[in-house]
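Subject: Structure handover

Hello,

Here is the structure I said I would pass on. My notes on what turned up follow below it.

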Amino acid sequence: MPITTENLIIGAGPAGITAGIILHKASRDALVLERLDLQTKDKLCGGILIPMVLQELETIFQTNLHHLIVQDNVNINVINSEGQTVHPFDLGNLYTVNRHDFDLCLATMYIEQGGNLLDNILIKNIDLENRILQCFDTKNKEELTIHFSKLIAADGASSPTRYLLTKTATRVIPSLETYVNNSYSEKFLMKLSEDLQGYAWYIPQGKIANIGCVYYDNQELITKEILEEHLFSFADSLGIKIQNYRAATIPCGNDIYLQKKDCYFIGDAAGLIDPISCGGIQSSVYSAKLLTECLLQNQNYSQTILPFVMEQLNNYKSRIKYMKEINRY
């Protein structure tokens with residue numbers, strides 16, 4: 001039997017769930033689809049949360065979410081290529097969260113408050129003209145046809161929705177990441193490379209820490225060996241032995257795509273995040289909030305979100321300038 005919904009949301013991360021709960025509370029029909037199993041999905045992530053974003057989510061869900069914080073009062077320590085610790089970015093005190101627990105909690109609250117969600121759903125085709133989505137329920141081994149009025153793509157940097165509808169993907173840069181035992185308490189370390197084409201990080205998350213590195217392509221092929229060299233060198237400088245790691249990608253924030261007909265892109269799927277903003281969750285929540293407000297008030301999404309996009313761009317330029325100065329580049 002075909003499913004019909006007013007607002008079809010693809011992706012059950014902070015962006016998709018925020019959009020879903022706001023629409024649901026406004027008595028708008030919404031259905032969230034998630035490719036992975038909700039209970040076991042685990043996003044490898046630094047889990048940085050800006051305090052005002054937590055406050056925003058608490059207002060949206062009307063509940064206290066401080067139990068999700070695994071570490072607070074986290075400050076950035078930037079290490080230049082000569083090994084000197086210099087003044088950090090002015091981001092204030094930060095929180096970190098475990099992304100599995102964080103995402104699962106938001107999705108569970110959405111369901112408990114009456115929201116509709118289907119997980120283990122593989123998208124096969126999107127007919128935006130006729131507003132039909134074909135997908136496969138991998139748990140129940142069942143083909144599904146969903147009719148929708150509005151489509152919201154909140155399915156991350158490698159957004160299948162974006163590729164199916166535009167044949168393009170968010171421009172990303174490669175990274176390597178893993179989790180290790182936390183040895184540096186409240187220190188969020190960011191180590192700059194000599195040529196400023198990349199950096200490594202160590203982000204505490206309570207008993208564990210996320211450690212990784214990223215390297216810009218600079219028009220050249222970035223191999224796994226180059227990334228490994230940066231990651232292992234940084235880990236060795238901290239006295240950390242890495243057993244294994246996972247490859248990941250980070251949107252660059254320079255190919256933003258917000259709308260195609262009645263499909264709207266938010267969070268990483270829109271390409272809103274840049275690598276050094278520490279604001280992935282912020283971009284997800286704020287873009288979802290702005291989009292749903294536009295849908296509810298019949299306003300233009302692209303125009304409404306423009307000030308937020310420009311603010312992120314200006315912050316990115318300021319941080320790049322600062323990194324060049326402290327790195328004597």
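K261 and E129 are both exposed (exposed is over 50% relative accessible area, buried under 20%, partly exposed in between, with a 1.4 Å probe and protein chains only). Their side chains meet in a salt bridge, 2.5 Å from N to O. A salt bridge here is a side-chain nitrogen of Lys or Arg within 4 Å of a carboxyl oxygen of Asp or Glu. K261 sits in the loop between β16 (259–260) and β17 (263–265), and E129 in the loop between β8 (121–127) and β9 (132–137), so the contact ties together parts 132 residues apart in sequence. Helices (H or I, at least four residues) and strands (E, at least two) are DSSP runs, numbered from the N terminus.

Some ground rules. This is a predicted model: local features need pLDDT of at least 70, side-chain atom pairs count only at pLDDT 80 or more, and totals for chains, interfaces and linings use all residues. Residues are numbered from 1 along each chain as its sequence is written, and side-chain values use heavy atoms, with hydrogens and water left out.

More on salt bridges. The count is 12. One of them joins K289 and E56, at 3.9 Å from N to O. That pair links distant parts of the chain: K289 is in helix α6 (residues 280–297), E56 in helix α2 (residues 51–61), and they are 233 residues apart. K289 is partly exposed, because its relative accessible area is 23%. E56 has 18%, so E56 is buried. E56, K289 and E293 are linked in a network of salt bridges.

D103 and R99 also meet in a salt bridge, at 3.1 Å from N to O. Both lie in helix α3 (residues 99–112), 4 residues apart, so about one helical turn separates them. D103 counts as buried at 6% relative accessibility. R99 is buried too, at 7%.

Next, strand β6 (residues 94–97). Which way do its side chains point? L94 and T96 point one way, Y95 and V97 the other, and all are buried. In a regular strand the side chains alternate between the two faces of the sheet. β6 runs antiparallel to strand β3 (residues 48–49), joined by 2 bridges. Pairing of strands requires at least two bridges found by DSSP. L49 has Y95 as its bridge partner in β6. Strand β4 (residues 69–79) is also antiparallel to β6, with 3 bridges between them. There, I69 has V97 as its bridge partner.

Aromatics. The count is 5 aromatic pairs. Rings of Phe, Tyr and Trp (its six-membered ring) pair if their centres lie within 6.5 Å; planes under 30 degrees apart are stacked, over 60 edge-to-face, the rest tilted. F232 and Y245 are edge-to-face, 6.3 Å centre to centre with 65° between the planes. F232 lies in helix α5 (residues 224–237) and Y245 in the loop between α5 and β15 (246–251), so the pair ties together parts 13 residues apart in sequence. The ring centres of Y257 and F265 are 5.4 Å apart and their planes are at 90°, so this pair is edge-to-face. Y257 is partly exposed at 27% relative accessibility, whereas F265 is buried at 0%.

Best wishes
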